[in-house]
Amino acid sequence: MADSQGPLWEVFVQKKAGQPFVHCGNLHAFDKEMALQNSRDLYTRRGEGMALWVVLSSNIVSSSPEDIGSFFEPSNDKIFRHPTFYQIPDGVGHM
Amino acid sequence: MSIILVKRALNPYICCAGMKARLNMSVNVEELFESKLAKNDIIEPKDWMPENYRKHLIRQISQHAHSEIVGMLPEGNWITRAPSLRAKLVLLAKVQDEGGHGLYLYTAAESLGTSRDEMLDALHTGKAKYSSIFNYPTLTWADIGAIGWLVDGAAIMNQVMLQRTSYGPYARAMVRICKEESFHQRQGYEVMTKLSFGTPEQKEMAQDALNRWWYPTLMMFGPPDAESPNSDNAIKWRIKRETNDQLRQRFVNQTIPQIEYLGLTCPDKSLKWNEAKKGYDFSEPDWAEFKNVIHGNGPCNKERLVSRNKSHKDGEWVRAAASEFARKQNESTAA
């Protein structure tokens, strides 16, 4: 039986211009306009945001926990990507 | 690699059976789960988890969601009769919040593999439980004050603990809920303050509400630890971090000075400060009554279920129309 509440949408809120959109939760809605209006009513009743994104949950592609090792491993052994890897002479001052 | 990832991601929430089988071959998933709990790490929807942990959470979170939704009914009873426009606006906002809390919790439970329909069906057929407190009637305006102050106060005590529960979506829902609940408790205490410092009749009304809500509120924390069937696992899995009795004691300690400030009397005649434990000794609620109400025989159980079923049924044409509208929109976009 189809879910009588419509599909699931993920909701992202931007607190104010210049800040990133942050995932805040999800809700059911039948279409995108309803998803946007319901998100406003559900997630921004107290000035939590000035902009909203909604996206169908089924459109989200995500990594899987059991891939953590192989998927993110390439970043672990490259300490030269961090500024602290490099030695700068004391006399140079702040860099 | 990327194709496999996309396939697995079809449902962003649930691990499929094949993945579990594959996992079992490589690492001991159960040990991994236990070690995460031991480190206070959070379990997320796609992580492997024992079936009983999943079941326990579905039961607890859906009951919590049902309690929020059914909790709208006793308070909604007073929206049309609120004593001022201010009081009416506040109560509307509060009842709307409760509806929102229900929605946060339902989707948190859905991330564990149950559906909204299944949960609503369980509620509407009387199979699912919700907090016994909402089966008591709201007879006077003072009851709205008592609910906000005592019932929401007790709920907050439980929910503050649950902000650190081991399941990520539940914890995140609790953080949002706790932010909103503090308004609820304060508005309730404001109502009690106005009545307690008003006319003698108003004060009497406040005392009567306290008398009727005190013990049902103490029941909200659940049966005593020694008789609580689900507590052991809940603590072991860090779903709960404190026991029913610990939370109940803290609630009593916190609430008695608030009763005294109002000039009201706690209905528990044997309540006494215990210096050794730095807390109050208090009488247990009538646990036979608790069981009776949980099993459907409270003053308002039938009324609550009838209201919920009616409201769901009344909304049926709206859902059907919205669904059909969405289908047509999609068709015209595709064409």
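How close do the axes of helix H7 and helix H9 of chain B come, and at what angle do they cross? The legends below describe a predicted model.

**View 1. Helices H7 and H9 of chain B cross.** The axes of H7(B), residues 141-162, and H9(B), residues 200-219, come within 9 Å and cross at roughly 30 degrees. The crossing is right-handed. Residues of H7(B) in the contact include B:Ala146, B:Trp149 and B:Leu150, and those of H9(B) include B:Ala209, B:Arg212 and B:Trp213. By class, this contact has 12 nonpolar, 1 polar and 2 charged residues.

**View 2. A:Phe12 and A:Trp53 form a tilted aromatic pair.** Over all chains, the count of aromatic pairs comes to 17. In this one, the ring centres are 6.4 Å apart and the planes stand at 55 degrees, so the pair is tilted. A:Phe12 lies in strand S1 of chain A and A:Trp53 in strand S3 of chain A, so the pair ties together parts 41 residues apart in sequence. A:Phe12 is buried at 18% relative accessibility, whereas A:Trp53 is partly exposed at 49%.

**View 3. B:Phe33 and B:Tyr53 form an edge-to-face pair.** The centres lie 5.0 Å apart, with 75 degrees between the planes. B:Phe33 belongs to helix H3 of chain B and B:Tyr53 to helix H4 of chain B, 20 residues apart. B:Phe33 is buried, with a relative accessible area of 1%, and B:Tyr53 is buried at 0%. Together with B:Trp48 and B:Trp237, these two residues form one aromatic cluster.

**View 4. Arginines lie over aromatic rings in chain B.** The charged end of B:Arg81 sits over the ring of B:Trp78, 4.8 Å from its centre. B:Arg176 lies over the face of B:Tyr104, 4.4 Å from the ring centre.

Key:
Residues are numbered from 1 along each chain as its sequence is written. Chains are lettered from A and ligands numbered from 1 in the order in which they are written. This is a predicted model: local features need pLDDT of at least 70, side-chain atom pairs count only at pLDDT 80 or more; totals for chains, interfaces and linings use all residues. Side-chain values use heavy atoms; hydrogens and water are left out. Axes are lines fitted to C-alpha atoms, for helices over the stretch in contact, and angles run from 0 to 180 degrees between N-to-C directions. Helices (H or I, at least four residues) and strands (E, at least two) are DSSP runs, numbered from the N terminus. A crossing is left-handed if the near helix is turned anticlockwise from the far one by less than a right angle, and right-handed if clockwise. Contact means heavy atoms within 4.5 Å. Ala, Val, Leu, Ile, Met, Phe, Trp, Tyr, Cys and Pro count as nonpolar, Asp, Glu, Lys and Arg as charged, and the others, Gly among them, as polar. Rings of Phe, Tyr and Trp (its six-membered ring) pair if their centres lie within 6.5 Å; planes under 30 degrees apart count as stacked, over 60 as edge-to-face and the rest as tilted. Buried means under 20% relative accessible area, exposed over 50%, partly exposed in between (1.4 Å probe, protein chains only). A charge sits over a ring if NZ of Lys or CZ of Arg is within 6 Å of the ring centre and within 35 degrees of the ring normal.
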